Amino acid sequence: MSRFLIVEARFYDHLNDMLVAGARAALTAAGHQVDVITVPGALEIPGAIALADGAGDYDGYVGIGVVIRGETYHFEIVAGESARGIMALTMDGIAIGNGILTVENEEQALVRADPAQKDKGGEAAKAAIALLKLRERFGA
C-alpha cells in the first residue's frame with residue numbers, strides 16, 4: 001500500500017467533485033491511502049506537489065483541475081504551464097497523474113469529469129500508480 005496525495009485546484013466545485021471522486025475510487029480500489037489538499041488554481045498544482053514531495057510523506061500524486069477556454073490568452077498560459085510544471089516534476093522521477101482538464105466548454109468538462117463517463121480523474125490516478133510501479137521497478 002502506498003500513499004497518494006490528490007492536489008486539487010478548486011475552481012469548478014461540481015466538476016472537481018467528480019474528478020476527485022474518480023481519482024479517489026481508483027486509488028482506494030488499488031489498495032492505496034489517499035489524502036486531498038486544495039490549491040487556488042491549476043498553476044499552483046506543480047508547486048504544491050513539489051512542496052509535498054520534499055516532505056517525503058507521499059509516494060505519488062494526482063493533479064486535479066479544470067481549465068475552460070475563455071476570451072483571453074490566459075487559458076493557454078494556465079493549460080500549458082500547469083502541464084509543463086507537472087511534466088518537469090515527472091521527469092525528476094515523481095509519480096504524478098495529470099488530471100487537469102483543458103477544455104473548450106463546461107459540457108466537455110462534464111463528460112470528462114464524470115466517473116460514469118470518461119472518468120479522467122480515475123485515469124489520472126491509474127497513470128500515477130503506473131508511474132510509481134515503474135519507479136519501483138527501475139529503483140529510482
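Predicted model: local features only at pLDDT ≥ 70, side-chain atom pairs only at ≥ 80, totals over all residues.
1. On secondary structure, the chain has 5 helices and 4 strands. If you trace the chain along its sequence, you get the order β-α-β-α-β-α-β-α-α.

2. How do the overall dimensions look? The C-alpha trace spans about 45 × 30 × 20 Å along its principal axes. A compact globule of 140 residues would have a radius of gyration near 14 Å, and the chain has 14 Å, so the two agree.

3. Now for packing and surface. Of the 140 residues, 44% count as buried. Take the contacts between residues at least 6 apart in sequence: 78% of them join residues at least 24 apart.

4. The largest pocket is worth a look, with a volume of about 290 Å³. It is lined by 17 residues, and those closest to its centre are F11, V66, V67, H74 and V78. Which elements give two or more residues to this lining? They are β3 (60–68) and α3 (74–91).

5. What is the make-up of that lining by class? The lining of the largest pocket has 11 nonpolar residues, along with 4 polar and 2 charged ones.

Note on methods:
Residues numbered from 1 in each chain as written. Heavy atoms only, no water. 1 Å grid on protein atoms, 1.4 Å probe; cavity = no way out; pocket = protein on both sides within 12 Å on 5 of 7 lines; lining within 4 Å. Points joined across faces, edges and corners; volume = space filled by probe spheres on them. Nonpolar A, V, L, I, M, F, W, Y, C, P; charged D, E, K, R; others polar. Rg over C-alpha atoms; globule rule 2.2 N^0.38 Å. Buried < 20%, exposed > 50% of the residue type's maximum accessible area, 1.4 Å probe, protein only. Contact = heavy atoms within 4.5 Å.
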